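Q: Before the particular features are discussed, please show the model that is to be read.
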Amino acid sequence: MNAGAAALGDHMAASDERARVDVRVALPLVLALATAVSVVLSIGPWPVGVFQDDGIYAILARSLAEGEGYRYLNLPGAPWATHYPPGYPVLLAILWRIAPPFPESVVVFKLANAGLLGIATVGTWVLTGRAGLGTAARALTTLLFTTCAPLVLLGVMVLSEPLFLAMLFPALLLAERVVDRGTWRDALAAGAMAGAVGLVRTLGACLVPGLVLVLLVRRRWSAAAGALVGAALVLAPWHIWTATHAGGVPVVLAGKYGSYGAWFGDAARAEGASWMIEVVLANARQLVSETWAHTSTALLSPVARVAATLGVAILLVTGARIGMRRLPVTTVFTFGYLVVVLAWPFAPARFLWGIWPVIGVLLGLGAHAIGGAASRSIRVPASVLVVALVVGYTRFNLQALQAGWWSQVQANVAQRARPLAEWVRANTRPGDVLATDDDALMYLYTGRRTVPISAFTAQEHLTPQSAAVATQRLREILAAYKVDHVIATTAYGKTAARALASAPAPALVAVAAVQGGDVYVTAPAR
């Protein structure tokens, strides 16, 4: 009798354990499916090129797929590409070869992004487990920071963040294992994988110093050397390539088509240390007013935004303290990445969304820690804070869903560009060169060679270009390329084109006003 009861108890215990294992296996797959489906259902009928970067990725993919090498096919002369690392264009090139002909292939690219974000969701789940969170906390953290508006926005456009995230989590997990007990050979592999992440998005290379620094602090000298060698073997060819072909585009186009380092370095030398400090302060203000707080206090008062920012800061710092013990490489990488974002002269939200699930893991760690504090005087207000932030964040995502936030971003440009693209196809020759605000999109959908109508400068992150600067930049572009038509659609472009058309010796002549913009031809040389 006793033996039978014991056997029954053992059987029930084994069944319970199998059930727990089944849940741990099924739950991340369900969460991954939710993320992928949320992206698939949000894909709209919008062209590639509405976000600039997405169009250039597609151009580079076409160049690789058609055997032209890594070139900007849209620019006259098809110069070698040095601005975007090749990881994502290589993936798109593979899809280009097997998908239906462009533009039908754009849907395939976006579906691939949905799948990649599903993979990143599983990576988030695994990393939360390594962080020591329980099943419920892991599920909530993963759900909130993967099936969310920012990642849907990145997924429904042809952008590199989904591939970056899908590769980042395995790289982080391998790096954490190497820090714990890996050999120098393991570190070599971890460094190589960190370098590969940097070949998808340049800022991903922050993982390399993060891994090496943690190894050095732990006096793992041979492992640190192995990680450096592994990363160098992967990243060096790309840096040699960019150095070799750095002068392939005119200086006026460096912000969009040249190397990141030269673009930032030129501005820093011209503007000095005070400008760089102003960039940091401006980005910090944007993080507070538009990014951290916006996700939980959209449309609320400044007081609510400040309170939300303080709450997020408390969670992040608390999570980082625990993360330095459980996820040291992830924590160092995240804060190193954020330091670069603060110093970079561009809207920080774009870069923040790129590691949103990683930040979510640290926030989840912080919420779990302060919610389980031993002192009731700390636990109760901390729990209220966490609940308020989760409710606000959920509200933000529901608002984004109702408004079709991701469609708004694409629709504005697509609706502006469509009538102009139709005009171009009907009124220009295949060999004509266009200067336009939508240079990547126009090339992809009309087949005409294109150049930008304006320069993208680091300084305009703080101060909009003046009319004189915009006009001078367009003059420089027209001097660098033999342009047949200028199509002005944005404020910068229209201001510059009108100024050149009304000058005493006009460089442009207006020929058409099309819905969405103005069309000019270059004036004959005198």
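Q: Is Trp275 buried or exposed, and at what relative accessibility?

A: Buried means under 20% relative accessible area, exposed over 50%, and partly exposed in between (1.4 Å probe, protein chains only). Trp275 has 6% relative accessibility and therefore counts as buried. The model is predicted: local features need pLDDT of at least 70, side-chain atom pairs count only at pLDDT 80 or more, and totals for chains, interfaces and linings use all residues. Residues are numbered from 1 along each chain as its sequence is written, and side-chain values use heavy atoms, with hydrogens and water left out.

Q: How is an aromatic pair described, and how many are counted?

A: A pair of aromatic rings is described by the distance of the centres and the angle of the planes. Rings of Phe, Tyr and Trp (its six-membered ring) pair if their centres lie within 6.5 Å; planes under 30 degrees apart count as stacked, over 60 as edge-to-face and the rest as tilted. The count comes to 21 aromatic pairs. In one of them, Phe145 and Trp356 are tilted, at 5.5 Å centre to centre and 55 degrees between the planes. Phe145 belongs to helix 5 (residues 135–146) and Trp356 to helix 18, so the pair ties together parts 211 residues apart in sequence. Helices (H or I, at least four residues) are DSSP runs, numbered from the N terminus. Both Phe145 and Trp356 are buried.

Notes
Helices (H or I, at least four residues) and strands (E, at least two) are DSSP runs, numbered from the N terminus.
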